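Trainee: I have a two-chain model open and I'd like to learn how to read it. Could you walk me through it, feature by feature?

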Amino acid sequence: MTQESAQLLGQRNVADEALVEEMGEPEATSAEGEEFFIASQWQLMWWRFRRHKLALISMIVTIAIYVVAIFAGFFAPFDPRAYSAKYAYAPPQPIRFYDRTADGGIKLGLYIYDYKVEQDPETYKRTFVYDTDRKIPVRFFAEGTPYTILGLIPARVRLLAPVEENAPMFLLGADRLGRDMLSRIIFGAQISLSIGLVGVFLSFFLGIIIGGFAGYLGGLLDEVVQRLTEFLRSIPSIPLWLGLSAAVPPGWDPLMVYFAITVILSLRGWTGMARVVRGRFLSLREEDFILAAQLDGASNWRIVVRYMVPSFLSYIIARITMAVPGMILGETSLSFLGLGLRPPLISWGVLLKEAQLVRVLVSSPWLLYPGLAVVLTVLAMNFMGDGLRDAADPYA
Amino acid sequence: MLKYIARRVFVMIPTLLGISLLSFLIISLPPGSYLEAYIAQVQATGEDVTQEEIDQLEARFGLDKPVPVQYLVWMKNILTKGDFGISFDWGRPVAELIWDRLGLTVALSFSTMILTWSLAFPIAVFSAVKQYSIGDYIVTFLGFIGLATPNFLLALILMYLSFKYLDTDVGGLFSTEYMGQAWTWAKVVDFLKHVWVPAVILGVGGTAGLIRTVRANLLDELHKPYVRTARSKGLPEARLLAKYPLRLALNPFFSTVGWSLRGLVSGATIVSVVLSLPTTGPMLLRALKAQDMYLAGSFIMLLSSMTVIGTLVSDIILAAVDPRIRLGGTEG
């Protein structure tokens with residue numbers, strides 16, 4: 001597909017075949033034009049989405065983030081719970097790519113510097129400094145501590161790990177117990193990202209059922225649902241979430257807390273979905289192509305499945321993408337305040353809670369790195385959602 | 001217009017009642033109560049608590065009755081005496097504790113709103129008039145980052161930077177000498193000196209959102225035929241802009257007050273905790289953690305009511321500014 005036909009796509013509607021003929025453009029009847037008119041809706045969406053470079057890049061970034069989260073064991077250099085008091089609050093070690101040999105030449109090779117602890121003779125404050133005499137070689141696909149892929153297949157190969165198993169490597173620094181921040185951020189992604197997805201699917205499920213029925217049946221039910229969503233939406237989210245999460249008993253096991261928090265986040269999330277679904281349902285019912293299908297004698301089932309669902313599914317997918325970041329931010333905020341997820345679970349919010357005290361933050365600013373992960377993820381998902389929305393709605 | 005206002009106020013009443021019910025429900029949810037925790041604490045120190053004392057305490061806090069009765073008693077006292085119950089944790093009436101903090105929350109939200117508007121308007125107009133310029137791209141890019149960064153993260157970063165490089169603490173809303181003092185002119189000035197930090201932090205997301213809305217609105221208007229007509233008639237660009245498109249683009253400022261207020265109250269809760277501001281946030285959090293139910297419930301209820309009333313006010317302003325809304329509203 002060339003640039004011209006891509007532009008054509010932006011200017012014209014799929015249904016505007018007649019218009020194209022009127023204009024009598026020769027290209028429109030060429031092979032490319034043919035391809036354009038027989039393309040499925042999803043293909044058209046993809047073509048349109050592809051033009052949006054930023055959205056495309058964001059999609060790649062988003063997929064990459066999810067892949068890293070799924071195969072966290074491989075991408076993380078260490079077990080996120082492995083601690084060593086010796087390296088508490090150790091600063092990040094920059095990776096070095098080349099080394100000088102004795103005769104002044106340059107030798108390529110990955111390594112980092114070991115730490116050396118210096119103590120201030122007056123204040124007795126201990127600080128880490130890099131020991132440039134002791135180099136720790138690191139290697140891609142090195143054998144590290146054992147882990148399991150998806151909790152099933154045991155493995156040892158890590159993307160990047162020190163050649164010697166017990167050598168210290170803290171590319172993004174260490175936390176208060178000497179745990180590797182990078183590994184913790186990567187494992188934190190598993191929970192932060194999945195809570196976003198699960199939460200959105202839950203609210204989407206509730207929204208599509210409640211909103212769909214309200215829009216379809218109308219009348220009193222519709223009125224009640226409308227008032228209920230309006231009511232829930234009028235309450236500021238954080239106080240509501242805080243109140244509900246405070247009700248989660250502290251004795252619950254982490255998995256239960258995880259589900260409880262997801263449900264709490266969805267409790268308000270579904271209202272947005274219900275509104276969208278209901279609105280779409282109502283407006284689609286009035287569309288000409290639905291009327292045409294009805295006049296054609298298509299059954300209700302066929303109208304819903306063949307015409308209505310495809311024309312709002314794409315839109316819903318775009319909305320889902322845009323709702324995930326909100327969920328992620330919600331979880332992060334709750335855990336940050338200490339009312340969401342709690343250790344031993346690792347999420348970005350749980351990690352950021354460690355950065356709450358200014359005193360700690362000033363001496364170890366690398367504790368803010370999980371925040372960078374949040375911003376990057378949310379940014380990528382927002383751009384991707386934007387692009388999807390534009391691609392999903394041919395009238396935009 | 002009066003009819004419209006009356007109708008809206010009438011519709012608001014069940015919403016407010018619903019909010020009070022939900023707030024009470026939320027705080028009655030946690031298993032166990034403050035009292036149980038308190039008794040366990042006393043017993044831990046080696047003292048004995050008799051059943052009589054427990055009954056007395058229960059009766060004093062009204063905890064011996066079933067939850068619906070507790071709610072009705074609570075509501076009755078609020079509506080008739082302005083009494084929100086007693087805070088177990090502080091040992092004082094809730095009404096004594098909350099108004100100061102709620103007032104400061106309102107002041108903070110209001111300051112943020114003013115800041116958001118005064119920043120968003122010129123930037124959005126610039127961004128729309130100079131569409132696709134470098135400035136427009138920079139604004140759009142910064143806007144997206146502003147939307148993606150959680151408030152509390154911004155607060156943490158700002159706190160870190162000011163601590164590290166300026167050696168000052170940006171937390172708090174007053175200098176130490178004004179804390180707990182009555183409001184004087186000097187205190188107001190001191191408040192303004194402090195409030196801009198949380199206001200900027202809270203306002204970033206809202207400003208970014210508002211810029212996008214106003215920019216999109218204005219762009220829609222700028223491509224309409226009447227603008228072209230006016231331009232072809234030789235109207236100077238600045239006058240042309242101010243005459244019609246700008247007025248229409250102003251709508252979002254009022255129509256978004258509702259949700260931006262909700263966002264502000266939400267954001268203020270968490271940012272106040274980070275910056276330790278004397279607003280509702282830290283106290284609400286503490287009350288929730290300590291199961292101080294009347295205090296927590298009053299906060300949740302009043303914060304929610306505040307946003308509902310704020311939305312109503314913005315709707316009324318919007319109806320006053322734009323007659324189309326007033327007319328459309330009467331039929332629903």
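Here is a chat that goes from the overall make-up to single residues.

Mentor: Ground rules first. This is a predicted model, where local features need pLDDT of at least 70, side-chain atom pairs count only at pLDDT 80 or more, and totals for chains, interfaces and linings use all residues. Residues are numbered from 1 along each chain as its sequence is written, while chains are lettered from A and ligands numbered from 1 in the order in which they are written.

Trainee: How many helices and strands does chain A have?

Mentor: Helices here are DSSP runs of H or I with at least four residues, strands are runs of E with at least two, and both are numbered from the N terminus. On that basis chain A has 15 helices and four strands, and chain B has 16 helices and two strands.

Trainee: And what share of each chain is buried?

Mentor: We place C-beta atoms from the backbone and count the others within 10 Å of a residue's own: 20 or more is buried, 12 or fewer is exposed, and in between is partly exposed. Buried residues are 37% of the 396 in chain A and 35% of the 332 in chain B.

Trainee: What do the contacts say about sequence range?

Mentor: Two residues are in contact if their C-beta atoms, again placed from the backbone, lie within 7 Å. Take the contacts in chain A with a separation of 6 or more: 69% are between residues 24 or more positions apart. For chain B, with residues at least 6 apart, 72% of contacts join residues at least 24 apart.

Trainee: Where do the two chains meet, and how many residues take part?

Mentor: Chain A puts 31 residues into the contact and chain B puts in 40. On the chain A side, helix 8 (219-234), helix 9 (237-246), helix 12 (300-336), helix 14 (358-363) and helix 15 (369-392) each supply at least two residues. Helix 9 gives the most, with seven. For residue classes, Ala, Val, Leu, Ile, Met, Phe, Trp, Tyr, Cys and Pro count as nonpolar, Asp, Glu, Lys and Arg as charged, and the others, Gly among them, as polar. That side of chain A then has 24 nonpolar, seven polar and no charged residues.

Trainee: What about domains in chain A?

Mentor: The bounds come from an automatic or database domain assignment. It gives domain 1 (93-169) and domain 2 (185-391), and their centres, taken over C-alpha atoms, are 40 Å apart.

Trainee: Which residues have the most contacts inside the largest nonpolar core?

Mentor: Such a core is a set of buried Ala, Val, Leu, Ile, Met, Phe, Trp, Tyr and Cys residues joined through C-beta atoms within 7 Å. The largest has 143 residues, and those with the most contacts inside it include Ile185(A), Leu242(A) and Phe299(B). Helix 7 (residues 181-217) of chain A provides the largest share, 13 residues. Both domains of chain A contribute at least three residues each. Setting aside neighbours within four places in sequence, Ile185(A) is in contact with Leu172(A), Leu351(A), Tyr369(A), Pro370(A) and Ala373(A).

Trainee: Which backbone angles deserve a look?

Mentor: Most residues other than glycine have a negative phi, and most peptide bonds are trans. Tyr89(A), which is not a glycine, has a positive phi of about 55°. Tyr89(A) sits in the loop between helix 6 and strand 1 of chain A, and it counts as partly exposed because it has 19 C-beta neighbours inside 10 Å. Ser276(B) also has a positive phi, near 40°, and lies in the loop between helix 13 (257-275) and helix 14 (280-289) of chain B. As for peptide bonds, a cis one joins Pro343(A) and Pro344(A), with omega about 10°.

Trainee: Is Ala90(A) buried or exposed?

Mentor: Ala90(A) is buried, because 21 C-beta neighbours lie inside 10 Å. Beyond residues up to four places away in sequence, Ala90(A) touches several residues, among them Tyr115(A), Phe128(A) and Pro168(A).
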